[in-house]
Amino acid sequence: MSAPATPQRILLRKLNPDSPARIFCFPYSGVGASMYNRWPAYADDAEICLVQPPGRENRIKEPHYGTYEQLADQLADQLAPHFDRPFGFFGHCGGALPGFALAVELRQRGLPTPDRLFISSQVAPHDGPFGRFLELGNAQLAVELAAFAKRLGGTPSPDMIAMSLRVMRKDVDANKAYHLDEPVVLPSAIDVISWRDDVEIRPEQSTGWQHYAEPGRYRQVVLEGEHHSFLDAPPALLGELAAGMAAAVEGRKAMAGGTA
């Protein structure tokens, strides 16, 4: 059996103990946390924290997590000590659902839930599973992975594609297995981020998330860009994250009577 992952392996970067807020970012299907290598370390005051699921990159020797619920069960134990200040989750497409599943797990355990959920280019769990990638065969997924590697500035080799394909297939299976019969309302504010030229998930396909937030706690924005524009950390996206977390910090202060 593989040894338990240390906190340094679960989070790609060491956390700053003085950060006033944190945003935990989950990787896209088939890749690891290094996909955020073009992102800055902060969105204003909010620290960008890169979550590395098992079975890839620096955790390649560990078994795949299996289902999103199983991943959430692991992460709830591993990340809970870091939820000691305002925090949010960000995920794009296949990376959005693991963050949501973790939020559900935290609520079920009575642990702190994220102040904000940033959901980029993904349908709500009761509307899924949905997406072109879910129906692709291995040969087609390999083509997508090669294109993705080039999008990140890499030169994909056959060995790298073969390794990534094994991860992608298991990630896609996890996505295909995730479905809720009805929405689960969370205490978190939910920010749905859509992209105007996204041909994979159209903005109107993400509106189901409004049923997962309490009244007044849901909003959707449509940013300029296509499905993979988030990889470049465009200023408009960072602005949304920063504003959301600033509001979370102020909300905590208000709840604590200005002493937080």
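Reader: Which residues in α4 are buried?
Author: In this predicted model, the buried residues of α4 are Leu 141, Ala 142, Leu 145, Ala 146, Phe 148 and Ala 149.

Reader: How do they sit around the axis of α4?
Author: Looking down the axis, the buried residues fall within an arc of 165°, so they line one face of the helix.

Reader: What do the buried residues of α4 pack against?
Author: They pack against α5, residues 158–177.

Reader: And which residues are exposed on the other side of α4?
Author: Ala 139, Val 143 and Lys 150 are exposed there.

Reader: What span should α4 have, and how far apart are its ends?
Author: The helix covers residues 138–151, which is 14 residues. At 1.5 Å a residue it should span 20 Å, and its end C-alpha atoms are 20 Å apart, so the two agree.

Reader: What follows α4?
Author: Gly 153 follows α4, and its phi is positive, near 95°.

Reader: Is the peptide bond from Gly 128 to Pro 129 cis or trans?
Author: That bond is cis, with omega near 0°. Most peptide bonds are trans.

Reader: Changing topic. Which residues have a positive phi although they are not glycine?
Author: Glu 57 is one of them, with a phi of about 45°. Ala 233 is another, with a phi of about 50°. Most residues other than glycine have a negative phi.

Reader: Where is Glu 57?
Author: Glu 57 is in the loop between β3 (46–50) and α2 (68–79).

Reader: And where is Ala 233?
Author: Ala 233 lies in the loop between β7 (218–223) and α6 (235–255).

Reader: Ala 233: buried or exposed?
Author: Ala 233 has a relative accessible area of 7%, so it counts as buried, the cut-off being under 20%.

Reader: What about the relative accessible area of Glu 57?
Author: For Glu 57 the value is 34%, so this residue is partly exposed.

Reader: Which helix holds Met 160?
Author: Met 160 is in α5, the helix that the buried residues of α4 pack against.

Key: Residues numbered from 1 in each chain as written. Predicted model: local features only at pLDDT ≥ 70, side-chain atom pairs only at ≥ 80, totals over all residues. Heavy atoms only, no water. Helix = DSSP H or I, 4+ residues; strand = E, 2+ residues; numbered from the N terminus. Expected span 1.5 Å × (residues − 1). Buried < 20%, exposed > 50% of the residue type's maximum accessible area, 1.4 Å probe, protein only. Arc of directions from axis to C-beta. Contact = heavy atoms within 4.5 Å.
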